[in-house]
Amino acid sequence: MSTSLPCPATDNWEEVRAAARYALGEPIAEFIDQCRREPQPESQLIAVLHRVQAQFGYLSPAHLDAVAQLLQVPAATVAGVASFYHFFRLQPRGKFILSVCLGTACYVKGADRLAQRIIDELGITWGETTKDGVFTLEQARCLGTCGLAPVLMIGEEIHGQVTPDQVPAILEKYLKRARQPAAGTAGRG
Amino acid sequence: MRKKKVSLTIDGGRVTVDEGTTIMQACQQLGIRIPRLCYHPELSLMGSCRVCIVEVKDMGFYMTSCSQKVWEGMDVQTNSPEIRQARRDIVELLLDNHPQDCQTCERDGNCELQNLAHAMGVRARHFEGRRKRFPLDLSSHSVVRDSEKCVLCGRCVRVCAEIQGVTNLSQHGRGFLTVVTPAHGANMDDSVCIQCGQCINVCPTAAFLEKRGAGAVWEAIARADLHVVVQTAPSIRAAIGEGFGLPPGTPATGRMVTALRRLGFDAVFDTDLGADLTIIEEAHELLTRLKEGPLPMITSCSPGWVSFLEKFYPELIPHASTCRSPMSMLSALTKTYYAERKGLDPRQIFMVAVMPCVAKKYEANRPEHVLDLPSPAGRGAGGEGAAAEGPGVRAEAPGVASISPLPLGEGQGVRAVPLTDAVLTTRELLWMIKCYGIELATLPEGEFDPPLGSASGAGDIFGTTGGVMEATLRAASELVTGRPADRLDFTEVRNVAGLRETYVAIGEHNIHVGVANGLTNAKILLDKVKEGKEPFHVIEVMACPGGCVGGGGQPYPPEGFHILDPRLLAKRAAALYAIDAGKKLRKSYENPAIEEVYDTFLGGPGSEKAHRLLHTRYAAKLPRGIR
């Protein structure tokens, strides 16, 4: 009978756990360990997702699966939460976020033409990221600097009274910066 | 302590109920059934569909009666022109982005949304709403997911998490694009789904369905060169009558056999005989394990449970009985023992299994459940030649399981054919019988065919929770003590509550047994096994509530019952116990058909041949589930 045969090792937990720790990196894995020592660790799910997004810029299925395993919350629940909140991004974002203000003041000052020029130059539309991973194009609703209309925000920097013709030079500046390893704003969400 | 009472008015009538009662429950006591959709009595409250709204005096808004508890002096109006209009509006809005394909839908006539729309008086479609567009998920062998038909009631999400402890499903995204999927929108096949099919059971529409197998079976029956054999699981006979107006709990064994023969099957075998065989092999395995370990031994007949074990508790795999399920054992015997006696090539046999279960479709497709046959001369490695022979029936349409022989082991002079070629659920068989125009209720009684058609009562009770345990105890008590069992009924292991632990004295052994149905219950026992504080000897696990009688492939409930209704499951179980009690032959060991199989073919329980044909193996599977 088979019962007299030696039992094969069947538990895959150590491999699953090691892969999850590797995917998230030790600081986040340790934060999850700490959550697990407290009552109701599942209530820390959103806090953990914030850290993962801050670290990697977005939440990939691999990240979410790793969170599920280490926090011991079902992956469907983790993915359901991550996909519900607007704040959490499930796609990678570019190094620089181009936020074109489409508020009333910027709009009457030609933000639509400015946006169209960016779309033409980069070949992407709203919400998309360039293939080289440098730029993501987003809409903004009034950045509170209407005196500078139309406003283009790139990363944390504000560009005021931008005309469509200035767009190529501005983009080139950031492209150069992205190519220099030390510069840029790595780790920014 | 007596519960505090609360008095309220419902539709002008006074009623006094326990504190904590919901409006819906209070109405039920007055004989008023509030319409509902997302509400399910066996699941947690969600209150999302708003169909069950009622008017409560002095409240500025309609309240959901499923979730609102009553208060002293509450004045409820369940029916007024306004409330009826509001409910109708809600259902109309649900329908506005629902496909308009009722006539061609699998659930036509059995659809809760359809019934609800009719009851609410929806007689016209006022708006052509935007349609949801999602791909059909056909990746799984068992469960088909069609999110275009989903109304986001969340019952599948709840049954998967609360009853089965699997939590494979959740609502992803938000707003109009919300969709119920496994994590990250993955296919069912790439998820922790254990294919139990309870999502199919609780779904009010056709957003979850079993993968169809009937088309392949019709084609096989129509082919003159195939010998088409059917086997039926214990719990089919206890449920199939419901589809033909028989009261729930009416055994319909003989009539079902006659119907199967009229459908054109060449032989009708009884899975119960496979169950008898399972019992004998399992009892022998238990004896060996009592000496050599590892204990406890956990039963492995339920493929949903096996899948759960491999994904959620892989470290306990050495505890699972290596016995194949009754279905696979009987299929193996049909393609070897029966084929030899009939002088048939196993490739000529098309084996159909009627199961209460959708996970059996997955089991039949597992690569372990094949028969290795020497390749015919000249066809050694011929992929094309191999594909052209054997019961390779083409797929009829999307959603149909492929039943071509698995091309395993080719090129080594060995060809593998699946043990079971097609698996039908009870629902599918019910439909086939109706499609053929057979009036099951009035049929004469038929008998299963020899040599694999006679079974003991121990085989019948396999279909209900605790039944495998009881049958094992009947056999083990004789094996251990060496004398006839002093009793046949082990009512202490009959498990209606979902979880049961007890000690059973057998000879000088005091056997610690556990029985669980519904995997949330099974987790409790498995965690105890892991802790090792109270060592068990035998544990029976069935994935579905109530065991196979509540399987994911059983008929949608008849009028007056809801799905997973404990009253309905108890009636089906009672039918099986009645069949067992009414049989002279109640012990697997005394089944002459089994004796003959062992004497003339297998060469004794636990023999090398028995092991090759009747046992299997398991392996840890990814993705690993969170338990």
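Domain bounds here come from an automatic or database domain assignment.

**View 1. The two domains of chain B.** Chain B splits into domain 1 (5–79) and domain 2 (215–376 + 391–614). Taken over C-alpha atoms, the centres of domain 1 of chain B and domain 2 of chain B sit 43 Å apart. Keep in mind that this is a predicted model: local features need pLDDT of at least 70, side-chain atom pairs count only at pLDDT 80 or more, and totals for chains, interfaces and linings use all residues. As for labels, residues are numbered from 1 along each chain as its sequence is written, while chains are lettered from A and ligands numbered from 1 in the order in which they are written.

**View 2. Chain A from end to end.** Chain A carries eight helices and four strands; helices (H or I, at least four residues) and strands (E, at least two) are DSSP runs, numbered from the N terminus. Read from the N terminus on, the elements go α-α-α-α-α-β-α-α-β-β-β-α. Along the principal axes, the C-alpha atoms of chain A fill a box of roughly 80 × 35 × 30 Å. Of the 189 residues of chain A, 30% count as buried, meaning 20 or more other C-beta atoms, placed from the backbone, lie within 10 Å of the residue's own.

**View 3. Where chain A meets chain B.** Here 23 residues of chain A are in contact with 30 residues of chain B, contact being C-beta atoms, placed from the backbone, within 7 Å. On the chain A side, the elements giving two or more residues are α4 (61–71) and α5 (75–84). The top contributor is α5(A), with eight residues. By type, this side of chain A has 13 nonpolar, nine polar and one charged (Ala, Val, Leu, Ile, Met, Phe, Trp, Tyr, Cys and Pro count as nonpolar, Asp, Glu, Lys and Arg as charged, and the others, Gly among them, as polar).

**View 4. Two crossing helices in chain B.** Helix α8 (residues 271–292) of chain B and helix α10 (residues 326–342) of chain B have axes that come within 8 Å and cross at roughly 105°; axes are lines fitted to C-alpha atoms, for helices over the stretch in contact, and angles run from 0 to 180 degrees between N-to-C directions. α8(B) and α10(B) are therefore roughly perpendicular, a label for angles of 65 to 115 degrees. Among the residues that meet are B:Leu273 and B:Leu277 in α8(B), and B:Met329 and B:Leu330 in α10(B). The contact residues comprise seven nonpolar, three polar and no charged.

Technical notes
Parallel < 35°, antiparallel > 145°, perpendicular 65-115°, else oblique. Contact = placed C-beta atoms within 7 Å. Buried ≥ 20, exposed ≤ 12 C-beta atoms within 10 Å, placed from the backbone.
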